Amino acid sequence: MIMEYLIATHSYMASGLRDAVEVLSGKKQKIAVINAYIDSDNFETELEKTLQTIQSQNIIVLTDLLSGSVNQALMRYKGDKRLYLAAGVNLPFALALLETDAEADPEARLRSCVKQAREQMVFEKI
């Protein structure tokens with residue numbers, strides 16, 4: 001199963017997350033990024049162009065905030081069967097995603113990665 005990835009976030013979080021994943025995992029996956037709202041370009045136009053350039057059968061899209069404007073823009077593509085959207089992304093999630101079998105069912109992969117990322121969120125008074 002051909003799979004590509006898009007990280008779309010406010011400001012430079014998208015490119016920073018991709019860079020961190022590549023440093024830590026050593027893998028060079030096909031990860032497109034959109035750093036939204038950092039210049040005068042229209043984010044929604046950039047999103048549309050980026051999705052048109054990705055020719056994969058399946059695209060996993062990672063966003064920063066569930067109710068944020070980036071995520072809301074992606075919800076307009078709800079009928080696109082290629083897209084799988086995960087909101088509230090963090091580094092443990094992204095690493096887990098890229099370490100799982102890309103041939104596995106995308107929904108199962110995402111559910112597993114969400115579980116792993118939640119387990120990485122802890123609080124400890126030190």
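Helices (H or I, at least four residues) and strands (E, at least two) are DSSP runs, numbered from the N terminus. The model in the viewer is predicted, so that local features need pLDDT of at least 70 and side-chain atom pairs count only at pLDDT 80 or more, while totals for chains, interfaces and linings use all residues. Residues are numbered from 1 along each chain as its sequence is written, and side-chain values use heavy atoms, with hydrogens and water left out.

**The sheet**

Begin by selecting the strands: 4 of them form an open sheet in the order β2-β1-β3-β4, with parallel pairing, where two strands count as paired if DSSP finds at least two bridges between them. The edges are held by β2 (31-36) and β4, each of which has a single partner strand, so one side of each is left without a neighbour in the sheet. From one strand to the next the twist averages 20 degrees; axes here are lines fitted to C-alpha atoms, for helices over the stretch in contact, and angles run from 0 to 180 degrees between N-to-C directions.

Next, select strand β3 (residues 58-63) together with β4, which pair in the parallel sense over 4 bridges, and look for Leu62, which stands opposite Ala86 in β4.

**Helices on the sheet**

Helix α4 (residues 91-99) lies across β1 (3-10), β2, β3 and β4, and runs at about 165 degrees to β3.

Within helix α4, select Leu95, which counts as partly exposed at 22% relative accessibility; buried means under 20% relative accessible area, exposed over 50%, and partly exposed in between (1.4 Å probe, protein chains only). Leaving aside neighbours within four places in sequence, Leu95 is in contact with Val21, Leu24 and Ser25. A C-alpha to C-alpha distance drawn from Leu95 to Cys113 comes to 8.7 Å, for two residues that are 18 apart in sequence.

**Salt bridges**

The structure holds 4 salt bridges, each defined as a side-chain nitrogen of Lys or Arg within 4 Å of a carboxyl oxygen of Asp or Glu. Select Arg76 and Glu44, whose side chains meet in one of them at 2.8 Å, N to O. Arg76 lies in the loop between α3 (69-75) and β4 (83-86) and Glu44 in helix α2 (residues 43-53), so the pair ties together parts that are 32 residues apart in sequence. Arg76 is exposed at 57% relative accessibility, whereas Glu44 is partly exposed at 37%.

Moving to helix α5 (residues 106-120), select Glu107 and Arg111, which are 4 residues apart and thus separated by about one helical turn. Their salt bridge has its closest N and O atoms 3.8 Å apart; Glu107 is partly exposed at 42%, and Arg111 is exposed at 60%. Further along, Glu119 forms a salt bridge with Lys115, the closest N and O atoms being 3.6 Å apart, and these two residues also lie 4 residues apart in helix α5, about one turn of the helix. Lys115 is exposed, with a relative accessible area of 54%.

**Two loop residues**

Finish in the loops, with the backbone displayed. Ser11, in the loop between β1 and α1 (13-25), has a positive phi of about 60 degrees although it is not a glycine, and is partly exposed at 35%. Tyr37, in the loop between β2 and α2, has a positive phi of about 65 degrees, again without being a glycine, and is partly exposed at 47%.

Key: Contact = heavy atoms within 4.5 Å.
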